[in-house]
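Student: Could you walk me through how to read a structure like this one? I'd like to take it feature by feature.

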Amino acid sequence: MTLPVIDLVRVRAVDAPIDPPLRNSLNVIPRAPLVIVDVHTACGAAGTAYVFPYTAAALGPTAALARSLGAGLVGRALAPAALWRELHDAGRILGTEGLVQIALSAIDMAMWDALAVRAGLPLCVLLGGEARPVPIYASLRGWGATMLADEAGAAAAALGARAVKFKLGQKRLEDDLDTVRAVRTAVGDEVQILVDYNQALSLPEAERRARALEARDVRWLEEPLPVQDDAGLAELARRVTIPIQGGENWWGPAGMHRALMAGAVDLCMPDAMKIGGVTGWMRAAAMAAAHRVPMSSHIFVEASAHLLNVTPTAHLLEHLDVAAPLLAEPLVVQDGMALVPDRPGMGIMWDEAALLQHAADV
């Protein structure tokens with residue numbers, strides 16, 4: 001098959017509210033600044049993807065990087081894996097972490113989407129998989145026992161979620177345990193409870209809290225220590241029985257490789273934006289398979305539903321849909337399963353009126 005030629009890379013930015021806001025022990029995130037990349041080809045096929053650089057301050061620089069990198073691809077054959085390697089090699093001296101990686105991932109995902117659209121296939125099928133429903137966990141947005149119990153009960157009822165995840169990190173361990181008890185009461189014994197500390201603990205405190213959470217049947221402990229502390233995470237994993245989860249803050253496959261070689265996690269959950277888009281994810285999935293580590297996703301539900309379908313050790317899809325208010329058809333979840341759209345590519349269909357309403361001039 002002759003590959004289509006990239007004709008245009010268009011970059012747009014939006015800053016939309018997150019309702020309800022995301023809360024954790026460190027901050028409140030009330031808005032979703034998103035950079036949207038559209039890759040158009042000379043044959044008419046086009047692909048789209050988005051990234052979430054978290055803060056309004058990073059929105060303009062991310063969009064500018066994506067525009068500059070995308071302009072250099074005009075006239076090139078639409079070969080995402082080859083271009084991924086070329087772009088990362090070109091950025092080796094500068095470094096390809098941070099906003100550079102985010103911009104590269106946006107372009108990579110949009111290119112793969114365009115290639116799947118050109119083939120008339122869902123992305124997971126183009127990658128050699130099947131469009132099967134994917135089990136989710138409901139990623140809760142609230143903070144504190146009362147708010148999280150209400151949200152967990154609603155998620156279990158509305159989504160059929162068989163697992164819920166929420167943020168902990170109160171000053172007193174007893175308050176964290178009160179939150180776990182409240183959520184357990186709200187969801188019952190059949191729903192798994194997963195918790196996330198957002199890198200907030202020391203090793204001794206992480207061990208103390210892990211042992212208390214083990215006794216309450218919590219099924220994973222996410223990012224208890226700073227993500228860079230592979231040695232500390234590995235030591236914690238040796239001391240406790242609760243599985244250590246991590247990966248959303250790994251930069252590229254190299255970051256994942258270091259963590260897996262150190263034994264820093266029992267479970268992993270790369271982020272499509274930070275791991276390197278579709279191409280980076282496929283490399284990450286191969287590493288997870290080699291180490292026999294169950295692999296979940298971090299946000300970006302539209303891409304992740306496809307990518308988990310080609311992940312040998314696929315575990316759970318994080319259902320936290322920050323782009324839903326901007327989509328004509330958000331990802332559908334039924335009975336705890338995310339349904340992969342029966343459309344070419346990732347199936348992302350933007351609500352252009354919503355994009356215009358929340359457009360950011362960057």
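**Reading the model, step by step**

Tutor: Let's start with one span: the end C-alpha atoms of residues 145-243 lie 23 Å apart, and the span is 53% helix and 15% strand. Keep in mind that this is a predicted model.

Student: Which UniProt annotation covers residues 145-243?

Tutor: The record, an unreviewed entry, gives "domain: Mandelate racemase/muconate lactonizing enzyme C-terminal" for residues 145-243.

Student: Next, helix packing. What describes two packed helices?

Tutor: In general, you quote the angle between their axes and the distance between the axes.

Student: Which residues of H1 and H3 meet?

Tutor: On the H1 side you'll find Ala58, Pro61, Thr62, Leu65, Ala66, Leu69 and Gly70, and they meet Leu99, Val100, Ile102, Ala103, Leu104 and Ile107 in H3. Sort the residues of this contact by class and you get 11 nonpolar, two polar and no charged.

Student: What about H3 and H11: at what angle do they pack?

Tutor: About 90°, with the axes 6 Å apart. H3 and H11 are therefore roughly perpendicular to each other. From H3, Ser105, Asp108, Met109 and Trp112 meet Gly277, Val278 and Thr279 of H11. This contact of H3 with H11 has three nonpolar, three polar and one charged residues.

Student: How far apart are the axes of H2 and H11?

Tutor: For helix H2 (residues 80-90) and H11, the axes are 9 Å apart and the packing angle is about 90°. That makes H2 roughly perpendicular to H11. Here Pro80, Ala81 and Trp84 in H2 meet Thr279, Gly280 and Arg283 in H11. The contact of H2 with H11 splits into three nonpolar, two polar and one charged. Look at Thr279 while you're there: this H11 residue meets H3 residues and H2 residues.

Student: Now the aromatic rings. How many aromatic pairs does a search of the whole structure find?

Tutor: Four. For any pair, look at the distance between ring centres and the angle between the planes. Take Tyr50 and Phe300: they sit 5.5 Å centre to centre with 45° between the planes, which counts as tilted. Tyr50 lies in strand E3 (residues 46-51) and Phe300 in the loop between helix H11 (277-291) and helix H12 (301-308), so this pair ties together parts that are 250 residues apart in sequence.

Student: And the backbone? Where is Ile299 found, and what is its phi?

Tutor: Ile299 is in the loop between H11 and H12. Its phi is near 40°, a positive value in a residue other than glycine. Phe300 of the Tyr50 pair lies in that loop too.

Terms used. Residues numbered from 1 in each chain as written. Predicted model: local features only at pLDDT ≥ 70, side-chain atom pairs only at ≥ 80, totals over all residues. Heavy atoms only, no water. UniProt positions renumbered as here; feature names shortened; annotations may be inferred. Helix = DSSP H or I, 4+ residues; strand = E, 2+ residues; numbered from the N terminus. Contact = heavy atoms within 4.5 Å. Nonpolar A, V, L, I, M, F, W, Y, C, P; charged D, E, K, R; others polar. Phe/Tyr/Trp six-rings, centres within 6.5 Å; stacked < 30°, edge-to-face > 60°. Axes fitted to C-alpha atoms, helices over the stretch in contact; angles between N-to-C directions. Parallel < 35°, antiparallel > 145°, perpendicular 65-115°, else oblique.
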